[in-house]
Amino acid sequence: MLYSDSLSVSPENHLMIGRHDAVALAREFGTPLYVLDEDLMRRNCREYRETLRRFCGDRALALFASKALCTLHTARVAAEEGLGADAVSGGEIYTLRKAGFPMDKVYFHGNNKSPEEIDLAMDSGVGYFVVDNRDELERVNAAAARRGMVQKILFRVKPGVDCHTHDYIKTGQIDSKFGVALETGEAFALHQYAASLPAVRVEGVHCHIGSQIFEIEPFLEALRRMMALIARLRKELAMPAKILNLGGGFGIRYEAEDDPPALADYMQAITDTLRQEAKRLDIETPFLVFEPGRAIVGAAGVTLYTVGSVKVIPGVRTYVAVDGGMGDNPRYALYQARHPALVANRAGDAPTGPVTIAGKCCESGDLIAENVPLPEVHAGDILAVLVTGAYNYSMASNYNRLPRPAMVALRGDDKKIIVRRETYEDVIGHDVL
Ligand SMILES: Cc1ncc(COP(=O)(O)O)c(C=O)c1O
C-alpha cells in the first residue's frame, strides 16, 4: 500500500509517481527534488468542486489555501480547476496576481496585515478581506475610504471549539493569536463597530478551527456557533452576513493508520447541520466557503533525496542522512509531523527495521522522520518522502545557506520544472555588502 493511488512500483522495483519513475526523475533533475503530481492536485480540486456542487449547488466555493503550496504554476492550476484562493501575505497576493488568478475569488487572511499589504491587496482587486482585529479593521476602512470604495470583509472569529490536533495547528480556541472571540462578546462588538464604518461592508463570517482534523463534530459545533452569530448579525445589526466561511483543516492520510472521513461525509454532515440550523434560527442558508490546503496538495507531493550516509548506533538507532532536511521540510522539527518514506530504487522491498531520517543541517532536531520502517539502506539510495506537497516548499528556508530544491510538476507523460533549483549565487543574491 503506497498511500495514494497515483504511486506504484515498477517492474524494476522503482517507485512510480503517476507515469514517472522516481529514480529517473532524481537522475534527471538532481536531489533534493520536490515532485508535484499535478494530475492528483487537479483531481483533488475537482473532487472539492464536484462534491460542493452535489451538496450545495452553486451556493458554495472551495478556496485553495495558498499557504500550503504557493507558486505561479499551482495558482494557475487552482484557477483552472475553478477554485478560489486564500492568501495570507503580500507575497501570496503578488503571486496570485502575477499568475493571472481571478482576484475577486481571493480571500485575504493574516493576523497582522501591514498597511503596504492592505494597499497591494486592494489595488489588486482582492474580493474579500478576512479581518483579524480592530486595528486592522480601522486600517482597512481607511484604505478603502481613500480609494472611494467599500471593501467587502468577513471577520475571523474564534468559535471556542476544541479539536484534537497538535497545539501549534489548533486555532479555534480562545487562546489563539488569530481572530476575535465569540464567547467573550468581542466578535459581536467588533461587528457592531464595523457597522458604523462607512468604507467596509460585512459580507459574512469566517472561522478556521485547526488543521489535520479527523472528526466531523468540531466542524459541526463551529458551524452551529457561527450560524447563531449570523442570525444575531442579521437580526440585531441588519447585516447581510451572506457567507459562512468554515476554513480548512480537513485531515489527510500521512500515516498508514490515518483514516480521515471522505469529503462527501464531511459535506453531508455539514450541509445537514446547516439546513437544520437555518430552519431553527429562521434564517436563509448562507453561501458556504471552505479553504482546503493539505487536502488539495499534501498527497500530491513527494520529495526525493539521495542518501549520503547510514550510521548504525548499536542498541540506539540507525540514522539515514539525506541531502536535504529541515530547510526543505521543517514539519517534523516544528510539530513532529509524520511522513512515510520509501527507498525509491527498491520500492517493493520489505522493511527490515525502523530508521531515523536525518537532514544535513547543523541541528540535532533536523529530522525528517523517526521510526520509519525501511529495507536496508545504503549511501547512494534514493529516498522518497511521501505526502510532502503541503507546507514543505512553502515553509522552506536557506538555513545553513543550503539552496532550496527545484520542483518538477508531472502531468500525464509530461514533466516540467516549475520552480528552479536555487544556486549559491541565489543564496548570496540579497547580500548587498
Ligand atoms: C485560515 C486558514 N484557512 C485554511 C488553512 C488550510 O489548512 P489545511 O491545509 O489544514 O486545510 C489554514 C491553515 O493554516 C488557515 O489558517
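This passage describes selected local features of a predicted model. Local features were taken only where pLDDT is at least 70, and side-chain atom pairs only at pLDDT 80 or more, while totals for chains, interfaces and linings use all residues. Residues are numbered from 1 along each chain as its sequence is written. Helices (H or I, at least four residues) and strands (E, at least two) are DSSP runs, numbered from the N terminus.

The ligand is surrounded by 18 residues. The closest are Ala65, Ser211, Gly248, Glu291 and Gly293. By class, the shell holds 6 nonpolar, 8 polar and 4 charged residues. Here Ala, Val, Leu, Ile, Met, Phe, Trp, Tyr, Cys and Pro are nonpolar, Asp, Glu, Lys and Arg are charged, and the others, Gly among them, are polar.

Helix α1 spans residues 22–29. Its buried residues are Ala22, Val23, Leu25, Ala26 and Phe29. Burial requires 20 or more other C-beta atoms within 10 Å of a residue's own; 12 or fewer make a residue exposed, and values in between partly exposed, with C-beta atoms placed from the backbone. An α-helix has 3.6 residues a turn, so residues three or four places apart point the same way.

The segment after α1 has two backbone features. Gly30, just after the helix, takes a positive phi of about 80 degrees. The peptide bond from Thr31 to Pro32 is cis, with omega near -10 degrees. Pro32 sits in the loop between α1 and β4 (33–37).

Most residues other than glycine have a negative phi, and most peptide bonds are trans. Asn13 has a positive phi, near 70 degrees. Asn13 belongs to the loop between β1 (7–9) and β2 (15–17). It is partly exposed, with 14 other C-beta atoms within 10 Å. Asp282 also has a positive phi, near 60 degrees. This residue lies in the loop between α9 (263–281) and β13 (287–290). Asp282 is exposed, with 9 other C-beta atoms within 10 Å.

Helices α7 (residues 186–195) and α8 (residues 217–237) pack against each other in a crossing of roughly 35 degrees, their axes coming within 11 Å. Axes are lines fitted to C-alpha atoms, for helices over the stretch in contact, and angles run from 0 to 180 degrees between N-to-C directions. The crossing is right-handed, the near helix being turned clockwise from the far one by less than a right angle. From α7, Ala187, Phe188, His191, Gln192 and Ala195 meet Leu229, Arg232, Leu233 and Leu237 of α8. Contact means C-beta atoms, placed from the backbone, within 7 Å. The contact residues comprise 6 nonpolar, 2 polar and 1 charged.

Ser124 occupies the loop between α5 (115–123) and β8 (128–131). With 18 C-beta neighbours inside 10 Å, Ser124 is partly exposed. Ser124 touches Ile93, Arg97 and Met103, leaving aside residues up to four places away in sequence. Leu96 is 28 residues from Ser124 in sequence and 9.6 Å away in space, C-alpha to C-alpha.

Asn371 lies in strand β18 (residues 367–374). It is exposed, with 11 C-beta neighbours inside 10 Å. Asn371 and Ile270 are separated by 101 residues in sequence and by 37 Å in space, C-alpha to C-alpha.

Methods
A residue is near a molecule or strand if its C-beta atom, placed from the backbone, lies within 6 Å of it. Two residues are in contact if their C-beta atoms, placed from the backbone, lie within 7 Å.
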